[in-house]
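Let's take a tour of a protein model together. Have the sequence and the 3D view ready, and look up each residue as we get to it.

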Amino acid sequence: MSENTFINYFKNSFLPILSIIIIIFAVWYIFTVYLNSSIQIDSYERQKIDWDFSDLVRDTMSQKKPLLPAPHQIVSEMWKTIFMIKITSKKSLIFHSYITLSSTLLGFTIGTILGIILAVSIVENKAMDASLMPWIIASQTIPILAIAPMIIIILNAFGLSGLLPKALISTYLSFFPIAVGMVKGLRSPELSYLDLMHTYNSSRLNIFWKLRLPSSVPYLFASMKVAIAISLVGAIVGELPTGAVAGLGARLLTGSYFGLTIQIWSALVMAAILAGTLIFILNFISRITLKRMGVQE
Amino acid sequence: MKNSIISAEKLNLIFETADDDVVALKDVSLNIDEGEFVSFIGPSGCGKTTFLRAIASLEKPTSGNLTVNGSSPEDARKNRAYGYVFQAAGLYPWRNIYRNVSLPLEIMGYKKNEIPGIVEKVLKLVDLTGFEKKFPWQLSGGMQQRASIARALSFDADILLMDEPFGALDEIVRDHLNEQLLQLWKTTNKTICFVTHSIPEAVYLSTKIVVMSPRPGRIVDVIENTLPTDRPLEIRDSKEFISVSQRVREGLRSGHSYE
């Protein structure tokens, strides 16, 4: 059985993912040569160097400030900044990732709590439903890039700086999917489940704890996966207007000041790895929780 | 003389819908005594489920008089006078069988140390001992329905309201559950109101059969079942069984139920 499962896993999961990765890398390398070639050819001509196609391929992949760095350049930059530098150094990618991760997690936690509180009040109170929902939706129509500096400046005026203002931008983004998902989840119980509660003459509190809340758990996890990814985006965006001191956002900003494209790309890849890891962990927690709640595999 | 436990007088119930008012119950008068097993039979839309829901205070009659256990249905519900078994088992999927059966007990504030004994007792009544830890999806349809009956029995209400509980099950399972239900009724002495589509089921189980007809929903016949209380499954081949069935069929025909 184990051999079969392994082969099936290989066929069904590993092989499709692998082929897509190979295709992406192939296309990436082609574009590296293509996009970087004009600068490279210019420089050949200025230095009056004879060149052929193999020179071009080699040199376009080893520029210092390429338009598009080759994957192996990004990997080697990441290797250098993750493993070869002390993590307390301002050049360490781990240091910057930690800064971003901490405000992501803080913002996500506040956002989740806020989203759940809003959802509960909307479902349990008609006036809240009518008055809150339009504002919640309107809040998300404002581009976060426009409002992020305002939030930071205003909070600074109140003496708040550092982690919390950045985290609040993550909160601003992440409470929304949580609130919307939880409202749907809390309203998901079928009519017959509610009728059953009425036959017991159940209090609203009991209906909430024993019916609405358990019904909403799968919805909550689905929203949390969306929320954690955009919390990361929020944290990065929140780092841009703070003068780019630390964090992945700072790496992106300094990178773009000095045209350090390899640094920008490695920060981007790092952000993607962070997001992937966070969602993976959430998935794991969600699967265990739902399994304990008797959800069919 | 037995005590009347449910009584309806000139009960009317009208559903107001956008294009037309639907008369779900028209002038329904009925008396159900303590300890009776009453079946409600009729085609879809005859109001049998609506009547059951009115008894349970899940629907409000438009006019007429309805008393349950000597009080209004609303008060009876508040006093937890009945257990209700729905057409779909309606077990909460995130609770295992034990916790599904203990749900009403938790809500009604039973003491923590009383609950295990009660759950064990009612699961034994429906022959589900040993399945406490299973989740609903791990059980067959018939077993789920039995668990749902156990849940309705757990708080020991005097009345059991059952809305086509075996409607979705195949005939073999249904026969078996009918036998068990009859046994259960005899041992617990409850009053049972049982909605069904099946003539043999109604005749086999009941002491009283209420034949209903649609448009408007009304009672066309009330048949006192003359079969002996001791009913093996084979009784369904007896002459008496067939003649009661015939009377039910005639009742349905007179209400134009076959048209």
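## A pocket to start with

First, a quick sorting rule: Ala, Val, Leu, Ile, Met, Phe, Trp, Tyr, Cys and Pro count as nonpolar, Asp, Glu, Lys and Arg count as charged, and the others, Gly among them, count as polar. Keep in mind too that this is a predicted model.

Now use that rule on the largest pocket, which holds about 300 Å³ of space. Its lining is made up of 17 residues, and the closest to the pocket's centre are A:Tyr193, A:Ser215, A:Pro218, B:Pro93 and B:Trp94. Sorted by class, the lining residues come out as 12 nonpolar, 4 polar and 1 charged. Which element gives the largest share of this lining? That's H9(A), with 4 residues.

## A cavity in chain B

How many cavities of 30 Å³ or more does the count give? The count comes to 1, and the space inside this largest cavity is about 60 Å³. Helix H5 (141-153) and helix H6 (171-188) of chain B are the elements that each give two or more residues to the lining, and H6(B) gives the most, with 4 residues.

If you want to find the cavity on screen, pick out B:Leu125, B:Val126, B:Arg146, B:Ile149, B:Leu177, B:Gln180, B:Leu181 and B:Leu184, the residues that line it. By class, that makes 6 nonpolar, 1 polar and 1 charged residues.

The largest nonpolar core has 117 residues. Those with the most contacts inside it are B:Ile6, B:Phe40, B:Phe51, B:Leu161, B:Leu181, B:Ile209 and B:Val248. The element that gives the most to this core is helix H9 (residues 204-239) of chain A, with 9 residues. Another core lies apart from it, with 16 residues, including A:Leu68, A:Ile74, A:Leu93 and A:Leu252.

Take B:Phe40 as a case to zoom in on. What does B:Phe40 touch, once you leave aside its neighbours within four places in sequence? Its contacts are B:Leu30, B:Ile32, B:Lys48, B:Phe51, B:Cys193, B:Phe194, B:Val195, B:Thr196, B:Val210 and B:Met212.

Next, have a look at helix H10 (residues 248-258) of chain A, where the buried residues are A:Leu248, A:Gly249, A:Ala250, A:Arg251, A:Leu252, A:Leu253 and A:Gly255. What do the buried residues of H10(A) pack against? They pack against helix H3 (71-83), helix H4 (93-124), H9 and helix H11 (261-292) of chain A. Just after H10(A) comes A:Gly259, with a positive phi of about 65°.

## B:Ala24, buried or exposed?

B:Ala24 sits in strand S2 (residues 21-33) of chain B. Is B:Ala24 buried or exposed? Its relative accessible area is 6%, and the cut-off for buried is under 20%, so B:Ala24 counts as buried.

Beyond its neighbours within four places in sequence, B:Ala24 is in contact with B:Leu13, B:Phe15, B:Cys46, B:Gly47, B:Thr50 and B:Gly217. B:Ala24 and B:Gly45 are 21 residues apart in sequence, yet 7.3 Å apart in space, C-alpha to C-alpha.

Most residues other than glycine have a negative phi, and most peptide bonds are trans. Against that background, B:Lys10 in strand S1 (residues 4-16) of chain B has a positive phi, near 45°. B:Lys10 counts as exposed because its relative accessibility is 53%, and the cut-off for exposed is over 50%.

B:Asp127 also has a positive phi, near 65°, and is found in the loop between helix H4 (115-125) and H5 of chain B. With a relative accessible area of 47%, B:Asp127 is partly exposed. Finally, which kind of peptide bond joins B:Arg215 and B:Pro216? A cis one, with omega about -10°. B:Pro216 lies in the loop between strand S8 (208-213) and strand S9 (218-224) of chain B.

How values were computed:
Residues are numbered from 1 along each chain as its sequence is written. Chains are lettered from A and ligands numbered from 1 in the order in which they are written. This is a predicted model: local features need pLDDT of at least 70, side-chain atom pairs count only at pLDDT 80 or more; totals for chains, interfaces and linings use all residues. Side-chain values use heavy atoms; hydrogens and water are left out. On a 1 Å grid over the protein atoms alone, a cavity is a set of points where a 1.4 Å probe fits but cannot get out, and a pocket is an open set with protein on both sides within 12 Å along at least five of seven lines; lining residues have an atom within 4 Å of a point. Grid points are joined across faces, edges and corners, and a volume is the space filled by probe spheres set on the points. A nonpolar core is a set of buried Ala, Val, Leu, Ile, Met, Phe, Trp, Tyr and Cys residues joined through side-chain atoms within 4.5 Å. Buried means under 20% relative accessible area, exposed over 50%, partly exposed in between (1.4 Å probe, protein chains only). Contact means heavy atoms within 4.5 Å.
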